[in-house]
Amino acid sequence: MDLENIQRRLFEKKLDIMKYFKVAFDVYREFLKSNKLLIFWTHLLVISVIGLDILNRYVITFFIKNNKDVKLVFYVVLLAILELILSIIQAFLIGYYFRKIVMGIEGENEFEIKKFFLKMLKFIGIEYCLLIAFLTVSQTLNQFYLSTADLVLRIMMIFIFFKYFLYFETYYVRNFEIIDSIKYSYQLSKENRFRKIIPGAIFLSASIIPVFIIASGVSQMFKINYFLGIVSAIIFIIIFVFIGIYLQTLNAVIFLNVEYDYLKSQERKNNENYE
C-alpha cells in the first residue's frame, strides 16, 4: 500500500466516518511493517511500567504490614521514581507515535528527535502540574462535602476538553506552541467533533467486551497457576499495545483528513477575499 495514495485520499475530500477504519487499517499495516523495533521496545516499556506498578503496590502493602519498616521506604521511593520516569517516557511515546504515523503518510523524513523530546517534556510537565492541581482541588471539595461542586468541576473539564482539545495532536505534528495548538484545535473542532468522537466511541465499544473477557481470563489464570498468569498478562499487554497503536493510527487519519479540509476551506476564503 502506497501511503502517498492514502494522503491523496485524505486530501481530496472528507471521508465517510466508517471509511476511516479501512484507511486507518491500511496505514496501520504499513506502520507495523516498517517500525518493528519501535513496537518491540514499546511492548517492553509497557510491561515494565505495569510490572513496576504491581511491585510498588506489593512493597507498600508489605511496608504497612511490617509496622512501616523504615528500610522499605527507600525501595518504595526508588520504585515510584522509576515508575514515574517510565510513565513520562510512555507519555512521550504517545506523541512520538502520532508524529511518526503522520510523517509516514505525508512522506516526511527529517525529524529532530531532541527538539521534539524537549517539546514533549514541556507539555508533559504542564500536564502533570495541571493534573495534580485538579486532583488537589477535587479532593479538597470532597473533604468539605462539596461533592456537587466537584461534579460540576469534572463536567466543566470534560466540556473544555471537547471544545478546545479534541484535535490537540496538532502540538505533536506541527510547529505550534501549546496555546497556538489549543486555538488551532478549536478551529478544527468546529463541525468536526463527531468525526473524532463517533469512530473513537465505536472502536472503544467494540474493544471493551474482548478486553474484559481477556482480562477476566488473565485473572483466573493467576488463581490456577502463577506462571501461567504472568504469561497470560504479557500476552494481554501485547494485544493491548497493538490496539493502542491502531487507535493512534485512526486518530492520525481523522486529524489529517479534517486538517486538509480546513486548510482547503481557508484557501478558498482567502481567494474569495482577494477577488
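Start with the whole chain: among contacts (heavy atoms within 4.5 Å) between residues at least 6 apart in sequence, 72% join residues at least 24 apart. This is a predicted model, in which local features need pLDDT of at least 70, side-chain atom pairs count only at pLDDT 80 or more, and totals for chains, interfaces and linings use all residues. Residues are numbered from 1 along each chain as its sequence is written, and side-chain values use heavy atoms, with hydrogens and water left out.

**The whole chain**

Switch to a cartoon view. The protein chain has 10 helices and 0 strands. Helices here are DSSP runs of H or I with at least four residues, strands are runs of E with at least two, and numbering goes from the N terminus. In sequence order the pattern reads α-α-α-α-α-α-α-α-α-α. Along the principal axes, the C-alpha atoms fill a box of roughly 80 × 45 × 40 Å.

Now show the surface. Its accessible area is about 17,500 Å², and carbon and sulfur atoms hold 69% of that. The area comes from the Shrake-Rupley method with a 1.4 Å probe; for residues, only the protein chains shown count as cover. Of the 275 residues, 36% count as buried. Buried means under 20% relative accessible area, exposed means over 50%, and partly exposed is in between (1.4 Å probe, protein chains only).

Colour by charge next. There are 31 positive and 24 negative side chains, and the centres of the two sets lie 6 Å apart. Lys and Arg count as positive, Asp and Glu as negative; His and the chain ends are not counted. Each charge is placed at NZ of Lys, CZ of Arg, CG of Asp or CD of Glu.

**The nonpolar core**

Select Leu 10, Ile 105, Phe 123 and Val 253. These have the most contacts inside the largest nonpolar core, a set of 57 residues. Such a core joins buried Ala, Val, Leu, Ile, Met, Phe, Trp, Tyr and Cys residues through side-chain atoms within 4.5 Å. Helices that each supply at least two residues include α1 (3–12), α4 (71–106) and α5 (113–143). The largest share, 13 residues, comes from α10.

Zoom in on Leu 10. Which residues does Leu 10 contact, leaving aside neighbours within four places in sequence? They are Leu 15, Val 23, Ile 105, Val 253, Leu 256, Asn 257 and Tyr 260.

**Helix α10 and Tyr 262**

Move to Tyr 262, in helix α10 (residues 226–274). Tyr 262 counts as buried because its relative accessibility is 17%. Beyond its neighbours within four places in sequence, Tyr 262 touches Tyr 184, Gln 187 and Leu 188. Take Gln 187: it sits 75 residues from Tyr 262 in sequence, but 8.4 Å away in space, C-alpha to C-alpha.

Select Ser 189, in helix α8. Is Ser 189 buried or exposed? At 0% relative accessibility, Ser 189 counts as buried. Its side chain reaches the backbone oxygen of Ser 185 at 2.7 Å. Leaving aside neighbours within four places in sequence, Ser 189 is in contact with Lys 163, Leu 166 and Tyr 167.

Step on to Glu 191, in the loop between α8 and α9 (193–224). Glu 191 counts as exposed, at 79% relative accessibility. Its phi is positive, about 65°, although Glu 191 is not a glycine.

**Last stop: Phe 25**

Find Phe 25 in helix α2. With 40% relative accessibility, Phe 25 counts as partly exposed.

Methods
A polar contact is a pair of N or O atoms within 3.5 Å; within protein, one must be able to donate a hydrogen and the other to accept it, and residues adjacent in sequence count only if both atoms are side-chain atoms.
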